[in-house]
Amino acid sequence: MTKTKSELLHGTLELLVLRILESEAMNGYGIGRRIEDLTGDALSVDEGSLYPALYRMEERGWLASSWRVTENKRRAKFYRLTSAGRRRLGSERSNWSEFAAAVKKILESA
Amino acid sequence: MLFRKLRRRLRGWLAPDSVDAEIDREIRFHLEMRAAEYRAKGLSPGDAVKAAEKRFGKVELVRRECRRLSRVRPSRKGDASVSVLMADIRVAFRSLVKSPGFTAVVVSTLALGIGANTAMFSVVEGVLLRPLPFAASDQLVMLWQNDRLRGTTQENFSIPDFFDVRDRNEVLQGLALLWTPSLTLTEARQDPLLVSGARVSKTYFEVLGVAPALGRSFLPEEREPGGNPVAILSHGLFMSRFGGDPTVIGRRIELEGVSTEIVGVMAPEFRFPSRTDVWLPAQITETSGSRGNHGVLVVGRRRDGVSLERVNANLEAIATSLEVEYRDDNEGRGMWAESMTDAMVASVRPSLLLLQGAVLLVLLIACVNVANLLVARALSREQEAAIRSAMGAARSVLVRQYLVEALLLSLSGGLLGLFLAYRGMDLLLASLPPSLPRAFNVGVNGNVLLFSLVLSVATGVFFGLAPALRLSRGNLVASLREGERSGESSARQRARAVLVTLEIAGAVVLVVCAGLLIESFRTLLRVDPGFVAANVVSVDIQLPEIRYPQDRDSWPRWTEVRQFQKALLEQARSTPGIDSAALAINGPLDPGWTSRFVIEGRPDVAPGQQDEVRVRVVSPDYFRTLGIPILRGRSLDPGDDRDDSPPVIVVNEAFVRRYFVDEEPLGARLSQWGLTREIVGVVRDVRFQGLQEEAQPAIYPTFSQAPFTGFSLLVHTREEPEAVFARLRAITASLDRDLALSGFTTLERRLAASVSERRFTMNLFGAFAGLALLLSTLGIYGVMSFSVGRRQHEFGVRMSLGAARHDVLRLVLTDGSRLALLGIGLGLLVAVFVTRFLQSLLYGVSRFDPVTFLVVSLLAATVTILACTFPALRATRVDPLVALRHE
């Protein structure tokens, strides 16, 4: 991982994963790639934390998983949001907005 | 949803392999996709794979974390569900199995500590804590008298005093008296048996709040004088003599030759007085007995809400008025009460509690050792913990896992300890001193199990929490950066050093106490008892009144009694293997009883203020049989023991010291029991009340002047005691077929029994102290070994810079010795205060005994410093090159 890319803020990984899975089910590799694509490679995903995060979120009941065949005929584990995950995303999203607004306020006032 | 989670968890639990395989497959998929991506960017297939792996990071760690997460549900909203606990236990179990050496050391250390505590607690519980088996037993009190004029503090009651207290007191709702005669039990089909009786007043069973388990209590008319002779059996006698046959109710037995009907059997747990075999109605009235005869025990029940202090105040007032009303008998007499529990166990409470305290300290020391081991182990797992924490594992999860591991260890240790205690129970029971009250209660029961469990959990939390909290609080990122070779921080090392110092101090305290007890015991055994115990066999005989009348009018000419005694002595002397034979109402080490007396020609003393002297009636050969030297005058001889002999006595040295300071005792006359006797000799002091008590003034009259129906036969023999006993039994049977022999023993055994409580306390304390010293030695060894292991690099540097091997040796030894000496010093300091609790158990040794303190210091210093030598030697074998290459 290159130092030029900003590392993920602690706790934001989960929010990103939830957001990405909101529209479609994906496998772990796909999720990592999608984060990089969406942020234009500005954020790097530490793969060492991605998988434990996925397992943890599954245990918490936010994600469900199943093995499926990918477009290029490979078997991979796909994750999708559960209804609990959807609720979680909602609350995380508003938390984040509040946080961002607060930071913005500070930056503008300085 | 619920079903899905349940299935996942079950699969994780039952088939971890398939979960592992899925994780592997998922990660492999990821790596392959990434490698394909790099290949598309133009890397060679081999480089692409390497780049993908490099990007992923530590594959194995991720895999392990995922595996753990798929089994453990992190606590949500703080609820610790059963499955989480199961998972934690599983993880802990696996990690302990992976290091069997560590686990074995910890579990066996704890098993020793908890096992010893459990065993000790079973004694404390059975003897001190378990309530007495009576209704509302905390209300029960024992009443005693004391005598200010003679300085006695605990005397039995007289019957008239008992009735006065019964009628005048305002604090007791019930009061009963009893006395405890020995009785000969004869039945048609079996050998006669001497049993312990208890003659009890009317309200006895009501006051105690108990009833027979079988049959009935005494009827009102049976409690009156002249009522039918009836008896209630103890459960013990019921089982041993009557085979537990319930049809004994209504059967007749002979007690002291009187045909007596068995009306009831008590429950097994009812034992009061403790050795009673049979209870009989006292059949007394308010005019029975004399005020000067103090022969009965009194038990009372406090009224609701009345404190012991109020009882005592009331008794004092009654005693004061009795002093005035019955001046001759009651002057100087006080009355007091103590709780029944205290009356039974107060004498052994200090030593038992002290032992429990000692063994708890041993467990604490064991815990310190285990805590140190766990910290060392946690340290080596710090990196793992750091990585897991960095990857998002909550600290609470880590703490919980360490705690679960510690609890698993302590519960295993507790279980093994309980097993050891249970298996060792027979050994423990056999080693209990025979004089220990309520010893029959000792055993592993629910309370003991609970104690063991609480102790296990407490120790687990105690030694588990330290490393767990430290780990979770510590700077994990820093330890991640430090890498494998991270040395201990100085603060951490200091904490371990403090623990070991305290551990050694604790051990030193115990060893000092044990040393003082051992020295006391040695001093006690060196005491000259005043007689030669070797080769003397003793047996007790009780002549039943029905065949051996005790006629007050013809006293002291009790023909049947005297004839039996004469015949018995003659036959015993002519038996092969018996050198000499004698009779005595109380053998040596038996306190016996006292009587008032007056020395002729001395100023008159008011009747209530006469001195008392121990009266020890003997046959003339007593002194020869027991090897008691005659110091002045002559011994008693057969001529003194005839019915028409002039009354003479022999006195002991203590008597002469007290009453004949500057006067000639020989030829002086003293009157006692209405007879005036001449002193013809002085014998050496013999200890009556255990070895530790100096002899009190005593006189030795002959049986011709003071016949008794209960006495001991003592014979000097060089043959096997058991063979001699068989011969004595044959002799008595030839003289009287229905006579029971009891109390067969040798004087050496009696001597040993008299110190058995001390021996028990000393042995246990010694064992605990030894264990504590061993554990603390292992503790300092462990800490020094660990520190040497961690400092290899430092030693390598030192040696490559020119330090010689002995410099390194000195370095380590100095460190170790400083800990050891600090601990020993602290221990000695604490011991100076703690030995206060030991005071009552010491004999002939000051609790500050400098020799004991010095020996203990030297012993502890030698052992602990020796323990440091091994790690120190290992430090000198560090190869500088190897140590430095690891850098």
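## A residue of helix α20 in chain B

E560(B) touches R547(B), Y548(B) and P549(B), when residues up to four places away in sequence are not counted. In this predicted model, E560(B) belongs to helix α20 of chain B, which covers residues 559-573. Y548(B) stands twelve residues from E560(B) along the chain, and the C-alpha atoms of these two residues are separated by 5.4 Å.

Is E560(B) buried, exposed or partly exposed? Its relative accessibility is 34%, and E560(B) therefore counts as partly exposed, because that class lies between the limits of 20% for buried and 50% for exposed.

T276(B) sits in the loop that joins β9 (258-265) to β10 (278-281) in chain B. With a relative accessibility of 8%, T276(B) counts as buried, and a polar atom of its side chain lies 2.7 Å from the backbone oxygen of P273(B). Leaving aside residues up to four places away in sequence, T276(B) is in contact with S196(B), G197(B), A198(B) and S234(B).

S201(B) is found in another loop of chain B, the one between β5 (193-200) and α8 (204-208), and at 9% relative accessibility S201(B) is buried. The residues that S201(B) touches, again without those up to four places away in sequence, are F162(B), A176(B), L177(B) and A282(B). V248(B), for its part, lies in the loop between α9 (235-242) and β8 (252-255) of chain B, and its relative accessible area is 0%, so V248(B) is buried. Which residues does V248(B) touch, not counting residues up to four places away in sequence? They are F238(B), F242(B), I262(B) and V265(B). From V248(B) to E261(B), which is 13 residues apart from it in sequence, the distance between C-alpha atoms is 9.2 Å.

## Helices α6 and α13 of chain B

Helix α6 (residues 100-129) and helix α13 (residues 349-380) of chain B pack with their axes 9 Å apart, at an angle of about 165°. Why are α6(B) and α13(B) described as roughly antiparallel? Their angle of about 165° is over 145 degrees, and angles over that limit count as roughly antiparallel, so this is the description that applies to α6(B) and α13(B).

The crossing of α6(B) past α13(B) is left-handed. Sorted by class, the residues in the contact of α6(B) with α13(B) comprise 22 nonpolar, four polar and two charged ones.

## Helices α26 and α27 of chain B

For helix α26 (residues 792-800) and helix α27 (residues 805-834) of chain B, the axes come within 10 Å and cross at roughly 140°. The two helices, α26(B) and α27(B), are therefore oblique to each other, and α26(B) passes α27(B) in a right-handed crossing.

On the side of α26(B), the contact is made by E794(B), F795(B), R798(B) and M799(B), while α27(B) contributes R805(B), V808(B), L811(B) and V812(B). These residues of the contact between α26(B) and α27(B) divide into five nonpolar and three charged, with no polar ones.

## Helix α1 of chain A

In chain A, helix α1 (residues 12-23) has as its buried residues T12(A), L13(A), E14(A), L15(A), V17(A), L18(A), I20(A) and L21(A). In an α-helix, residues three or four places apart point the same way, because there are 3.6 residues a turn. The cover over the buried residues of α1(A) includes the strands β1 (26-27), β2 (63-69) and β3 (75-81) of chain A, together with the helices α2 (28-38), α3 (47-59) and α4 (83-109) of that chain.

Notes: Residues numbered from 1 in each chain as written. Chains lettered and ligands numbered in written order. Predicted model: local features only at pLDDT ≥ 70, side-chain atom pairs only at ≥ 80, totals over all residues. Heavy atoms only, no water. Helix = DSSP H or I, 4+ residues; strand = E, 2+ residues; numbered from the N terminus. Buried < 20%, exposed > 50% of the residue type's maximum accessible area, 1.4 Å probe, protein only. Polar contact = N/O pair within 3.5 Å; in protein donor to acceptor, adjacent residues only side chain to side chain. Contact = heavy atoms within 4.5 Å. Axes fitted to C-alpha atoms, helices over the stretch in contact; angles between N-to-C directions. Parallel < 35°, antiparallel > 145°, perpendicular 65-115°, else oblique. Left-handed = near helix turned anticlockwise from the far one by under 90°. Nonpolar A, V, L, I, M, F, W, Y, C, P; charged D, E, K, R; others polar.
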